[in-house]
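This report describes selected features of a predicted model.

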Amino acid sequence: LHERSRGSGTDKSASLQVSWVEPIGKKHKIQVLTTLDFSQNRNVRSAYEAAGEEVRLSLPLSNEDRQERNSQQARLFLQSKWEKYEQNLGLSFERIDSRTRNFSPTAAQARDTLPATLPTGELPEMRGDSLLSEVELDNVNFSPIFNFTWHPREDIRLAGSYNGRLTSPTPYQLRDYTDVSNPQNTVQGNPGLKPTFTHSFSLNYSSSGAQKRGYRSAAVSGNVITNQVKTVSDIDLSTGHRHTTYRNVNGNYSLSAHANAYQPLGKQQVWGISGSANASYRQYRTYSNGQPATLRPYSLGGNLGIRYNKDQWNLNLSGSFRYERAQAGAGTAAVRHQKDWGLTARGYAQLPWKLYLDTDFSWTLRRGYGDGADYGRAVWNLRLTRELFQVRLGTASLTLEGYDFLPGRLPVTRVTGDNMQHDFGNSYRESYVLATFRFQFQHQFGQKGGKEE
């Protein structure tokens with residue numbers, strides 16, 4: 001099939017937002033926020049089949065989508081503020097109604113033929129005369145909104161939040177017919193899809209000492225999703241044909257936590273130690289080649305570092321580790337236990353004779369990624385700069401830079417995710433040395449003879 005197609009469409013939208021705030025005493029105030037949104041879009045795909053020196057409109061491959069969408073959102077907030085505590089308590093009301101229609105051309109439009117020499121952009125746009133499907137939705141949702149900030153001491157802060165979000169299915173997902181415009185990837189809509197609602201929360205802690213110049217922080221966050229719209233694909237391995245549709249799933253949620261800390265050491269605080277830790281867990285209900293699957297990936301990681309900074313010397317050394325239980329599909333065979341170790345070092349020094357040294361080293365070890373993707377590598381870079389001379393007009397310097405003195409990088413990086421595994425090919429420049437001469441011009445404007453210069 002020799003097909004030529006053009007896409008066209010229009011989009012219109014308007015939005016109105018009104019806010020009103022009324023104080024209640026010295027510590028409270030009420031805010032009412034109203035938002036009205038309207039949108040209208042039209043998307044047309046005009047496909048033509050070529051036969052010899054003529055083209056003719058293809059009825060099964062041409063279609064038109066039209067959608068009108070209206071949403072009204074009202075939020076009521078009670079905001080309170082005390083000496084050490086602030087809070088925002090609210091309620092959100094959201095209503096979304098939409099109308100989605102899908103059209104195809106009538107048989108009369110396919111009777112006329114056009115010369116094949118006509119540019120694709122000048123092919124006539126099809127007229128959606130025949131109604132294929134019509135879907136109307138009217139969704140209403142209520143959700144509480146809450147966030148707070150508490151300062152029990154001047155150097156300690158605790159904050160938390162919760163909010164809900166409603167997301168409607170797209171017109172493409174809602175149409176109740178099968179789109180065969182791409183014969184190798186047919187798509188069947190589902191007019192019975194429900195809107196997705198996401199509950200999100202977070203809790204954050206931080207502290208910092210002005211005298212010790214250290215800090216601590218920790219955070220926990222997560223979300224719970226109901227009626228999440230998932231893509232369901234079934235692939236015929238003998239032909240390569242993919243059939244796709246959409247379904248609602250429940251039971252998806254995620255949790256994550258991380259903590260960071262830094263503490264200077266000694267009276268002069270030239271030494272410092274830092275560390276961090278993180279963890280995440282997710283339950284992910286989906287479909288693998290048309291079959292239901294529940295994935296439960298999780299990860300643990302952290303790093304520890306030490307720093308030295310005094311006068312003309314600076315040194316940073318850190319090590320890291322990460323473990324991830326990744327799952328590229330249904331079944332235990334698709335589970336991978338991936339481990340990453342890392343070590344980085346960087347140093348800077350101002351040497352005698354106007355020499356400046358800057359060097360960095362990194363080492364990485366990956367295991368559990370599968371054949372061809374497990375590797376260990378080390379990268380070392382070095383830069384040496386010498387200030388040559390300084391004159392009235394500026395300063396001249398010469399820099400020698402050496403990149404990747406320890407070659408051995410592998411050309412493949414593997415990333416494992418939900419229902420997929422991606423191998424990325426990388427190309428690296430080989431080790432090399434670069435010499436750079438630089439002259440930096442400078443001139444200071446001031447006063448000369450009582451006049452500005």
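## Strand pairing

Strands E13 and E14 (residues 242-249) pair in the antiparallel sense, with 8 bridges between them. Within this pairing, Val232 stands opposite Thr245 of E14.

Both strands belong to an open sheet of 4 strands, in the order E9-E10-E14-E13 and with mixed pairing. Strand E9 (178-179) and strand E13 (228-235) each have a single partner strand and stand at the edges, so one side of each is left without a neighbour in the sheet.

## Nonpolar surface patch

A nonpolar patch on the surface is formed by Leu265, Trp271, Ile273, Leu304, Ile306, Leu317, Phe321, Trp341, Leu343 and Trp363, which together have about 840 Å² of accessible area. Two or more of these residues come from each of strands E16 (271-288), E18 (298-310), E19 (313-327) and E20 (335-351).

Trp363 is located in strand E21 (residues 355-367). Its relative accessibility of 31% makes Trp363 partly exposed. Trp271, another member of the patch, is also classed as partly exposed, at 39%.

## Aromatic and charge contacts

The model contains 12 aromatic pairs. In one of them, Trp271 and Tyr308 are tilted, with 4.7 Å from centre to centre and 50° between the planes. Trp271 lies in strand E16 and Tyr308 in strand E18, so this pair ties together parts that are 37 residues apart in sequence. Tyr308 is partly exposed, at 22% relative accessible area.

Elsewhere, ring pairs link Trp82, Tyr85, Phe146 and Phe148 into a cluster. Arginine side chains also lie over ring faces: Arg282 over Tyr284, at 4.8 Å from the ring centre, and Arg366 over Tyr369, at 3.8 Å from the ring centre.

Note on methods:
Residues are numbered from 1 along each chain as its sequence is written. This is a predicted model: local features need pLDDT of at least 70, side-chain atom pairs count only at pLDDT 80 or more; totals for chains, interfaces and linings use all residues. Side-chain values use heavy atoms; hydrogens and water are left out. Two strands pair if DSSP finds at least two bridges between them. Patches are made of residues with over 30% relative accessible area and no salt bridge: like charges are joined within 9 Å, nonpolar side chains (Val, Leu, Ile, Met, Phe, Trp, Tyr) within 5 Å. Accessible areas come from the Shrake-Rupley method with a 1.4 Å probe; for residues, only the protein chains shown count as cover. A salt bridge is a side-chain nitrogen of Lys or Arg within 4 Å of a carboxyl oxygen of Asp or Glu. Buried means under 20% relative accessible area, exposed over 50%, partly exposed in between (1.4 Å probe, protein chains only). Rings of Phe, Tyr and Trp (its six-membered ring) pair if their centres lie within 6.5 Å; planes under 30 degrees apart count as stacked, over 60 as edge-to-face and the rest as tilted. A charge sits over a ring if NZ of Lys or CZ of Arg is within 6 Å of the ring centre and within 35 degrees of the ring normal.
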